[in-house]
Amino acid sequence: MEMFLTIIIFIILLLVGIPISLVLAITAIAYLFIVGDMTLLTSVPQKMFSGVDNFGLLAIPLFMLAGELMNFGGITTRLVSFARVLIGHFRGGLTYVAIIANMFLASILGSANAQAAMMSKVMVPEMEKEGYDRDFSSALTLASSIVAPVIPPSMLFIIYGTLTGASIGKLFLAGIIPGVFIGIGFLIVIGFMNHKYNFPKSERATLKDIFQNFLSVIPALLIPFIIIYGILSGMFTPTESAAVACIIAIIIGFSYRQLKAKNIPTILKNTVVNTATITFLIVTANVFGFIIAYEQIPQTLASSMLSLSENPIVFLLLVNILLLLLGTVLDGIAALIILVPVLSPLLVTYGVDPVHFGVIITINLTIGLLTPPVGTGLFIVSSIAEISIERLVKAILPFLVVSIVLLLIITYWEDIVLWIPNMTSN
Amino acid sequence: MKRVSDFIERIEIICSTIMMAAITCILFTSVLFRYFLNAPLYWANEASIFMMAWITFLGGSLGLKYHSQAAISFIIDRFNEWNQIKMKIATYIVILIALAVFIYISYDWIFSLTDTKSSSMRIPMWIPYSSVPIGLTFAFIHLLGHFIDYIKQWRRGRGSV
């Protein structure tokens, strides 16, 4: 009865448009009032604080800052022009450029939303200039930005790691192959579309051009190298690698002469506000965790799932479907923060590797950014590229189908995900 | 109310951006110290975590002011403007009451702390813990500002009907 009432309150608060972070907090205290546990109520502030009392989480503001610095430092344009001199002269060259540049950028940024915003600002006008239609250009740019949280660094991996205790370093390593895999999947699909639609091509770049463009992106590509090397060698933690990435980003930005000292306050402010939208959610979700623990939701869920099937394949399929459905209405990060504490206790029951599961859930929820009615990625790109959500959704459908197919492959092919992390731990 | 809210916004931005810059510098320096001088900064991690707590609560409050926190708005967006305002007023009453409860229990918590000290820096724990009540108080003021705006819009709307 208490639980039923709580669920009703939760759903109502969510549907009337209250920020999800506050919904979690309000539901939690409503629940404590309903069950009348006042001792637990007094421990709520302590519980909120302990939500951020975690060194791993510090990687979020730091990678966020590195991303902002890179953005102001003009990294996107550089990456796009580098990818362009490399492969722009093939038929449909710019379509490949969009995907490749997205993969490069993913190795520097950890958020699909940020990446979609940065890429669509540069890529869509470029593609339109060469005669591609805007719907297609926007859809392609948005769809290929889903590699951002899969290829390290990744905000979702950091959050998943801190919520479950899985190693963030291992998650980063585990994301490399699936991220590249998704990129290649998109390249193949685009290859087929190329045959059909006969896309335009650009002029071949001279060797000198290629060399010059390469030189200008080297410093930026140092960042993924440092992150991976730092984790592999055990030289520093993901959090420390993020701090190092920030310092490099500052040096690069100033040496490219695009980052100005007067930009720094704006950059820091953006970082703080964007960070807090995530960490504040983690804080209130921690309070919401009272309900989950008190009502033994994971245990109940586990026993009802087990009565349904003991097969991990069925379990993962159900999780895939659940997350894709929830992803249509819930923001990816919010869904992750709410669902992981409920789902992760089931992993032991079904013998699913937590790192593999982290990759699955991340890809799953990132696909949710592309699905209406609530797809943050759709909102961002439709406002930047100035096209209606309906047209964007229509254009993105083929990519959505491909992403779901790739997701299923990654879900059932555990080895592809765990190959690098296992190799390094042996 | 709006002036108070804007003033607090300035304080929040200044404090949180300084702390953000400090975290970056501290953690970077700590890597350098560990590797090149073999002398790890024992306080670096704890100081950074405490500052992140402050950033979370001050920044969270800013996020509420800027309406930048994730919410499910596609249903309420379908309402007409007049109904949206009425709905907003109703939800803000709920939010403000809940926040008041949170603020009350968190000040209660801060004032009942025995003098515990942090594990590596040995500073009193009320310093990081205060981020909770202060951030929530600031959030309350920002949201009260929004609430008053909605009430004004509602009055104006009612006058014109």
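This is a predicted model: local features need pLDDT of at least 70, side-chain atom pairs count only at pLDDT 80 or more; totals for chains, interfaces and linings use all residues.
At the start of α16(A), a side-chain oxygen of A:Asn311 comes to within 2.9 Å of the backbone nitrogen of A:Ile313. Further along, the buried residues of α16(A) are A:Phe315, A:Leu316, A:Val319, A:Asn320, A:Leu323, A:Gly327 and A:Thr328. These buried residues pack against several other helices of chain A, namely α15 (297-308), α17 (332-343), α18 (345-350), α19 (354-367) and α21 (389-412).

One residue of these surroundings can be followed in detail. A:Leu346 belongs to helix α18 of chain A, and A:Leu346 counts as buried because its relative accessibility is 1%, where the cut-off for buried is under 20%. Leaving aside residues up to four places away in sequence, A:Leu346 touches A:Pro298, A:Leu301, A:Ala302, A:Met305 and A:Phe315. A:Phe315 is itself one of the buried residues of α16(A). A:Leu346 and A:Ser303 stand 43 residues apart in sequence, while their C-alpha atoms are 9.4 Å apart in space.

The remaining part of the picture is the meeting of chain A with chain B, whose contact involves 54 residues of chain A and 52 residues of chain B. On the side of chain A, the residues that lose the most area to chain B are A:Phe49, A:Val272 and A:Phe280, which together make up 13% of what that side buries. The table gathers the values for the interface as a whole.

| Interface of chain A and chain B | Value |
|---|---|
| Buried area | about 4,800 Å² |
| Share of the buried area on carbon and sulfur atoms | 83% |
| Salt bridges | 1 salt bridge |
| Polar contacts, both residues at pLDDT 80 or more | 8 residue pairs |

A salt bridge joins the side chains of B:Arg34 and A:Glu240, with a distance of 2.8 Å from N to O. At least two residues of the side of chain A that touches chain B come from each of α1 (2-15), α2 (20-35), α4 (44-52), α5 (59-72), α13 (238-255) and α14 (264-294) of chain A. Helix α14(A) provides the largest share of that side, with 11 residues. By residue class, the side of chain A that touches chain B divides into 41 nonpolar, 9 polar and 4 charged residues.

Conventions
Residues are numbered from 1 along each chain as its sequence is written. Chains are lettered from A and ligands numbered from 1 in the order in which they are written. Side-chain values use heavy atoms; hydrogens and water are left out. Contact means heavy atoms within 4.5 Å. Buried area is the accessible area (1.4 Å probe) that two parts lose on being put together, summed over both. A salt bridge is a side-chain nitrogen of Lys or Arg within 4 Å of a carboxyl oxygen of Asp or Glu. A polar contact is a pair of N or O atoms within 3.5 Å; within protein, one must be able to donate a hydrogen and the other to accept it, and residues adjacent in sequence count only if both atoms are side-chain atoms. Helices (H or I, at least four residues) and strands (E, at least two) are DSSP runs, numbered from the N terminus. Ala, Val, Leu, Ile, Met, Phe, Trp, Tyr, Cys and Pro count as nonpolar, Asp, Glu, Lys and Arg as charged, and the others, Gly among them, as polar. Buried means under 20% relative accessible area, exposed over 50%, partly exposed in between (1.4 Å probe, protein chains only).
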